[in-house]
Amino acid sequence: LDALDQIDAGIRRAALWRMLVGLLCMMQVMMIAVPRYVAGDALTPDLRGLFTWAELMLSAPVLLFAAGPFFAGAWQDARRLRIGMDTPIALGIAVTFGTSLVALGRGEEVYFDSVTMFVALLLTARWLESIARERAAAGLAGSLARLPETAERITADGRLERISRRRLRAGDRVSVPAGATMPADGVIATGDTAVDESLLT
(Lines give C-alpha, C1' and ligand atoms only; values in the text may rest on other atoms or scores of the structure.)
Protein backbone atom coordinates (compact mmCIF):
# COMPACT_ATOMS: atom_id res chain seq x y z
CA LEU A 1 0.00 0.00 0.00
CA ASP A 2 1.19 3.51 -0.73
CA ALA A 3 0.87 6.41 1.71
CA LEU A 4 -2.52 7.50 0.34
CA ASP A 5 -4.00 4.01 0.71
CA GLN A 6 -2.71 3.84 4.29
CA ILE A 7 -4.33 7.18 5.11
CA ASP A 8 -7.66 6.08 3.58
CA ALA A 9 -7.51 2.80 5.51
CA GLY A 10 -6.87 4.71 8.74
CA ILE A 11 -9.82 7.02 8.09
CA ARG A 12 -12.11 4.08 7.35
CA ARG A 13 -10.97 2.27 10.50
CA ALA A 14 -11.58 5.35 12.67
CA ALA A 15 -15.03 5.85 11.10
CA LEU A 16 -15.90 2.21 11.79
CA TRP A 17 -14.84 2.51 15.43
CA ARG A 18 -16.87 5.69 15.87
CA MET A 19 -19.94 4.02 14.39
CA LEU A 20 -19.54 0.93 16.59
CA VAL A 21 -19.10 3.03 19.74
CA GLY A 22 -22.14 5.10 18.80
CA LEU A 23 -24.31 2.04 18.16
CA LEU A 24 -23.17 0.24 21.32
CA CYS A 25 -23.77 3.24 23.56
CA MET A 26 -27.11 3.93 21.89
CA MET A 27 -28.32 0.38 22.60
CA GLN A 28 -27.21 0.58 26.21
CA VAL A 29 -28.85 3.98 26.75
CA MET A 30 -32.09 2.77 25.17
CA MET A 31 -32.08 -0.29 27.44
CA ILE A 32 -32.15 2.12 30.39
CA ALA A 33 -34.41 4.81 28.90
CA VAL A 34 -37.23 2.54 27.74
CA PRO A 35 -37.97 1.10 31.22
CA ARG A 36 -37.82 4.64 32.60
CA TYR A 37 -40.42 5.77 30.06
CA VAL A 38 -42.64 2.72 30.62
CA ALA A 39 -42.52 2.86 34.41
CA GLY A 40 -43.24 6.57 34.53
CA ASP A 41 -44.09 7.79 38.03
CA ALA A 42 -43.83 4.24 39.39
CA LEU A 43 -40.05 4.68 39.65
CA THR A 44 -38.74 6.07 42.89
CA PRO A 45 -36.76 9.33 42.64
CA ASP A 46 -33.56 7.58 43.64
CA LEU A 47 -33.95 4.90 40.96
CA ARG A 48 -34.90 7.48 38.32
CA GLY A 49 -31.83 9.51 39.24
CA LEU A 50 -29.65 6.40 38.96
CA PHE A 51 -31.04 5.68 35.50
CA THR A 52 -30.47 9.21 34.23
CA TRP A 53 -26.91 9.30 35.57
CA ALA A 54 -26.22 5.97 33.87
CA GLU A 55 -27.55 7.43 30.61
CA LEU A 56 -25.22 10.40 31.03
CA MET A 57 -22.19 8.17 31.54
CA LEU A 58 -23.05 6.09 28.47
CA SER A 59 -23.69 9.20 26.38
CA ALA A 60 -20.32 10.76 27.20
CA PRO A 61 -18.30 8.51 24.83
CA VAL A 62 -20.76 9.33 22.06
CA LEU A 63 -20.32 13.06 22.59
CA LEU A 64 -16.56 13.00 23.15
CA PHE A 65 -15.54 10.36 20.58
CA ALA A 66 -18.23 9.18 18.17
CA ALA A 67 -19.58 12.65 17.36
CA GLY A 68 -16.07 14.06 16.84
CA PRO A 69 -16.31 14.41 13.02
CA PHE A 70 -19.46 16.52 13.30
CA PHE A 71 -17.88 18.97 15.73
CA ALA A 72 -14.62 19.06 13.75
CA GLY A 73 -16.50 19.79 10.54
CA ALA A 74 -18.62 22.47 12.19
CA TRP A 75 -15.49 24.12 13.65
CA GLN A 76 -13.78 24.18 10.27
CA ASP A 77 -16.87 25.73 8.70
CA ALA A 78 -17.05 28.33 11.47
CA ARG A 79 -13.40 29.27 10.90
CA ARG A 80 -14.23 29.85 7.23
CA LEU A 81 -17.30 31.91 8.24
CA ARG A 82 -19.73 29.58 6.51
CA ILE A 83 -22.44 27.10 7.43
CA GLY A 84 -21.93 23.52 6.30
CA MET A 85 -23.81 20.27 6.74
CA ASP A 86 -22.07 19.54 10.04
CA THR A 87 -23.04 22.90 11.59
CA PRO A 88 -26.72 22.14 12.37
CA ILE A 89 -25.83 18.59 13.38
CA ALA A 90 -23.21 19.75 15.88
CA LEU A 91 -25.53 22.45 17.21
CA GLY A 92 -28.35 19.96 17.64
CA ILE A 93 -26.14 17.50 19.51
CA ALA A 94 -24.62 20.18 21.75
CA VAL A 95 -27.92 21.89 22.56
CA THR A 96 -29.73 18.62 23.30
CA PHE A 97 -26.90 17.35 25.49
CA GLY A 98 -26.59 20.68 27.31
CA THR A 99 -30.33 20.86 27.86
CA SER A 100 -30.28 17.33 29.27
CA LEU A 101 -27.48 18.27 31.67
CA VAL A 102 -29.51 21.21 32.97
CA ALA A 103 -32.61 19.01 33.23
CA LEU A 104 -30.59 16.38 35.10
CA GLY A 105 -29.60 18.94 37.72
CA ARG A 106 -33.22 20.02 38.10
CA GLY A 107 -34.59 16.48 38.21
CA GLU A 108 -36.52 16.97 34.96
CA GLU A 109 -36.80 14.92 31.76
CA VAL A 110 -33.49 14.21 29.96
CA TYR A 111 -32.85 13.41 26.30
CA PHE A 112 -29.59 11.47 26.32
CA ASP A 113 -31.28 8.65 24.42
CA SER A 114 -32.18 11.07 21.61
CA VAL A 115 -28.59 12.30 21.38
CA THR A 116 -27.08 8.82 21.18
CA MET A 117 -29.66 7.60 18.67
CA PHE A 118 -29.20 10.69 16.48
CA VAL A 119 -25.41 10.31 16.40
CA ALA A 120 -25.49 6.54 15.86
CA LEU A 121 -27.93 6.77 12.95
CA LEU A 122 -25.95 9.57 11.30
CA LEU A 123 -22.68 7.67 11.64
CA THR A 124 -24.28 4.53 10.23
CA ALA A 125 -25.64 6.48 7.27
CA ARG A 126 -22.23 8.04 6.61
CA TRP A 127 -20.55 4.65 6.84
CA LEU A 128 -22.96 3.14 4.29
CA GLU A 129 -22.49 6.18 2.06
CA SER A 130 -18.70 5.80 2.19
CA ILE A 131 -18.97 2.12 1.21
CA ALA A 132 -21.17 3.02 -1.78
CA ARG A 133 -18.75 5.78 -2.77
CA GLU A 134 -15.77 3.44 -2.59
CA ARG A 135 -17.53 0.86 -4.75
CA ALA A 136 -18.42 3.50 -7.32
CA ALA A 137 -14.84 4.78 -7.36
CA ALA A 138 -13.50 1.23 -7.74
CA GLY A 139 -15.87 0.61 -10.65
CA LEU A 140 -14.80 3.85 -12.30
CA ALA A 141 -11.13 3.00 -11.84
CA GLY A 142 -11.74 -0.43 -13.37
CA SER A 143 -13.51 1.11 -16.35
CA LEU A 144 -10.70 3.62 -16.87
CA ALA A 145 -8.16 0.79 -16.70
CA ARG A 146 -9.89 -0.89 -19.64
CA LEU A 147 -9.25 2.08 -21.94
CA PRO A 148 -6.87 1.19 -24.77
CA GLU A 149 -3.33 2.46 -24.46
CA THR A 150 -3.11 3.28 -28.17
CA ALA A 151 -5.37 4.78 -30.82
CA GLU A 152 -5.38 4.73 -34.60
CA ARG A 153 -5.32 8.34 -35.70
CA ILE A 154 -6.34 9.23 -39.25
CA THR A 155 -3.76 11.52 -40.81
CA ALA A 156 -4.48 14.32 -43.25
CA ASP A 157 -3.77 12.04 -46.24
CA GLY A 158 -6.09 9.33 -44.91
CA ARG A 159 -3.47 6.97 -43.49
CA LEU A 160 -3.77 5.31 -40.10
CA GLU A 161 -1.02 5.84 -37.56
CA ARG A 162 -0.94 4.14 -34.18
CA ILE A 163 -0.17 6.59 -31.38
CA SER A 164 -0.46 6.66 -27.60
CA ARG A 165 -3.92 7.56 -26.36
CA ARG A 166 -2.37 10.36 -24.30
CA ARG A 167 -1.13 12.07 -27.48
CA LEU A 168 -4.65 12.60 -28.81
CA ARG A 169 -5.69 16.23 -29.15
CA ALA A 170 -8.99 17.98 -29.74
CA GLY A 171 -9.85 17.77 -33.44
CA ASP A 172 -8.02 14.47 -34.12
CA ARG A 173 -9.92 11.84 -36.11
CA VAL A 174 -9.48 8.24 -35.02
CA SER A 175 -10.60 4.90 -36.41
CA VAL A 176 -12.36 2.59 -33.93
CA PRO A 177 -13.07 -0.98 -35.12
CA ALA A 178 -16.41 -2.59 -34.28
CA GLY A 179 -16.42 -3.96 -30.75
CA ALA A 180 -13.38 -1.94 -29.68
CA THR A 181 -13.24 0.53 -26.79
CA MET A 182 -13.32 4.25 -27.56
CA PRO A 183 -9.90 5.70 -26.70
CA ALA A 184 -11.32 9.13 -25.91
CA ASP A 185 -14.45 11.24 -25.89
CA GLY A 186 -15.64 12.25 -29.32
CA VAL A 187 -18.33 12.37 -32.00
CA ILE A 188 -19.04 9.66 -34.57
CA ALA A 189 -18.10 11.30 -37.89
CA THR A 190 -18.79 8.42 -40.29
CA GLY A 191 -20.64 5.15 -39.87
CA ASP A 192 -23.49 4.10 -37.60
CA THR A 193 -22.97 2.32 -34.30
CA ALA A 194 -24.16 1.90 -30.72
CA VAL A 195 -21.86 2.82 -27.84
CA ASP A 196 -21.88 1.52 -24.26
CA GLU A 197 -21.87 4.69 -22.14
CA SER A 198 -22.09 3.02 -18.72
CA LEU A 199 -18.76 4.58 -17.75
CA LEU A 200 -20.40 8.01 -17.93
CA THR A 201 -23.37 7.04 -15.77
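Mentor: One thing to have in hand: the expected span of a helix is 1.5 Å times one less than its number of residues. And keep in mind that this is a predicted model.

Trainee: OK, so what span should helix 4 have, and how far apart are its end C-alpha atoms?
Mentor: Helix 4 has 21 residues, so at 1.5 Å a residue it should span 30 Å, and its end C-alpha atoms are 30 Å apart, which agrees.

Trainee: Which residues of helix 4 are buried?
Mentor: D86, T87, I89, A90, I93, F97, S100, A103 and L104.

Trainee: And what does I93 touch, leaving out residues up to four places away in sequence?
Mentor: L63, A67, F70, F71, V115, F118 and V119. I93 also shows up in the largest nonpolar core, which has 20 residues: along with F70, V119 and L123, it touches the most other members.

Trainee: Which elements give two or more residues to that core?
Mentor: Helix 1 (3-39), helix 2, helix 4 (86-106) and helix 5 (112-145).

Trainee: Switching topic: how do helix 2 and helix 3 cross?
Mentor: The axes of helix 2 (residues 45-66) and helix 3 (residues 68-79) cross at roughly 45° and come within 6 Å. The two helices are therefore oblique to each other.

Trainee: Which residues make the contact?
Mentor: Helix 2 brings L63, F65 and A66, while helix 3 brings G68, P69 and F71. By class that's five nonpolar, one polar and no charged residues.

Conventions: Residues numbered from 1 in each chain as written. Predicted model: local features only at pLDDT ≥ 70, side-chain atom pairs only at ≥ 80, totals over all residues. Heavy atoms only, no water. Axes fitted to C-alpha atoms, helices over the stretch in contact; angles between N-to-C directions. Helix = DSSP H or I, 4+ residues; strand = E, 2+ residues; numbered from the N terminus. Parallel < 35°, antiparallel > 145°, perpendicular 65-115°, else oblique. Contact = heavy atoms within 4.5 Å. Nonpolar A, V, L, I, M, F, W, Y, C, P; charged D, E, K, R; others polar. Core = buried A, V, L, I, M, F, W, Y, C linked by side-chain atoms within 4.5 Å. Buried < 20%, exposed > 50% of the residue type's maximum accessible area, 1.4 Å probe, protein only.
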